Amino acid sequence: MTAHRDVVIPSADAYVLRRARVPACFLERLPDGATADGEHCAVVDLAIAGGRIAAIYAAGSAPADQPSVDLEARQVWATLLDMHAHLDKGQVIPRVEPDGTLDSGAIRTARDRKRWTHADMAARMGFGLRCAYVHGVSAIRTHLDSQEESAPTSWEVFRALRAEWAGRVELQAVGLMSLAGFRSPWGAALADLVARSQGILGGTTDAIGEYEGAVNAELDSLLDLFLAMAAERGLDVDLHVDQSEDVKAFALPSIARAVLRNRFKGRVVVDHCVNLALQPEAVIAETIALCREAGLCFVTLPTPMMYLQDRKPGRTPRWRGVTLAQELDAAGVPIAIGGDNCRDAWFPFGDHDMVDSFQQA
């Protein structure tokens, strides 16, 4: 038997969790006879067989011939996924001392990267996975800093962990580099490495710390190159976008237009996108419509963004630093919540706890 405080789960292969309170958003439909309450939850009986949910009944209507436990309307959730993590950067506190700014996070990460040996990365990334697992996370998309000198080690460690954790935490990896880096021979080599590793091609449009940014025609050219490299290898893409309050450094519309211009067929995820919230209302409406047309999917990262954005010495931050999640959702644009940084040069707190990230969101 498995004990959860005062709840004891039967050891039988088949049993019933009676009176489980489940958020209705986790259910394709409510079972016959069940209704949602004022918090959009339904109290149901969950029939379990072989460790999986075999059937869902309205509370009190599951068959009575199996072992059962009464949850007394405790919450039961699906396992959680983290759409945006940085396992390779994490768990470096206190050897790195962040100052809470975006630029410093990039610079101090670049300095710390010199310590990223195979053993160091395996230990830190493995610890991060254990943290996520005990918090109920069953899938993680992690971005891997993929500079030429460090990428072979990062991806080797990732592939080993993906195999080790298969069946417990499913892992995806994004090869992350500034878009300008794809002009170099390493850009094509990275795309090939990502393809061999069944990964996702990533990039950043921001000029942060030691990253090189791009605007206007230069940005369009880099996006065309980036999408062509992904298309040639059948890769999906995932981009860090607009992580500042600079309303002129607004890459999101350019990304949407590039996807349409190139007729890119893969999935496109855009992360952060915080200065969408600072644009004029007309620009917001036009941009969201364009993103919907291009099929972009968004990830909001509230916990580290609320910590980092608009942070300046001697001055209280004036804005929340998150993207327009409600407006995107209302427009039918897919949006997910990610955990982002954890105990690293960008964000010195956290535990890969997606319930906490959900609460912050």
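Two strands pair here if DSSP finds at least two bridges between them. Strands (E, at least two residues) and helices (H or I, at least four) are DSSP runs, numbered from the N terminus. This is a predicted model, in which local features need pLDDT of at least 70 and side-chain atom pairs count only at pLDDT 80 or more, while totals for chains, interfaces and linings use all residues. Residues are numbered from 1 along each chain as its sequence is written, and side-chain values use heavy atoms, with hydrogens and water left out.

**View A. The β4–β5 hairpin.** Here strand β4 (residues 41–49) meets strand β5 (residues 52–58) in antiparallel pairing, with six bridges between them. Pick out L46 and you'll find its bridge partner, I56, over in β5. Two residues sit between the strands of this hairpin, and G50 in the turn has a positive phi of about 60°.

View B. (Angles run from 0 to 180 degrees between N-to-C directions, and axes are lines fitted to C-alpha atoms, for helices over the stretch in contact.)

**View C. Where β3 meets β6.** These two strands run parallel and are joined by three bridges. R18 has D70 of β6 as its bridge partner. D70 also has a side-chain link, this time a salt bridge to R19, at 2.7 Å from N to O. (A salt bridge is a side-chain nitrogen of Lys or Arg within 4 Å of a carboxyl oxygen of Asp or Glu.) Since D70 is in strand β6 (residues 68–70) and R19 in strand β3 (residues 14–23), the pair ties together parts that lie 51 residues apart in sequence. D70 is partly exposed at 36% relative accessibility, and R19 is partly exposed too, at 38%. (Buried means under 20% relative accessible area, exposed over 50%, and partly exposed in between, with a 1.4 Å probe and protein chains only.)

View D. D112 is buried, at 4% relative accessible area, whereas R115 is partly exposed, at 43%.

**View E. The K312–D310 pair.** Another salt bridge joins the side chains of K312 and D310, at 3.0 Å from N to O. D310 is buried, with 6% relative accessibility, while K312 is partly exposed, with 33%. For the overall tally, the structure holds 23 salt bridges.

**View F. Helix α3 against helix α4.** Helix α3 (residues 151–165) packs on helix α4 (residues 185–196) at an angle of about 10°, the axes being 12 Å apart. So α3 is roughly parallel to α4, a label that goes to angles under 35 degrees, with over 145 roughly antiparallel, 65 to 115 roughly perpendicular and the rest oblique. From α3, the contact uses A151, W155 and R159; from α4, W186, L190, L193 and V194. (Contact means heavy atoms within 4.5 Å.) Sorted by class, that's six nonpolar residues, no polar ones and one charged. (Ala, Val, Leu, Ile, Met, Phe, Trp, Tyr, Cys and Pro count as nonpolar, Asp, Glu, Lys and Arg as charged, and the others, Gly among them, as polar.)
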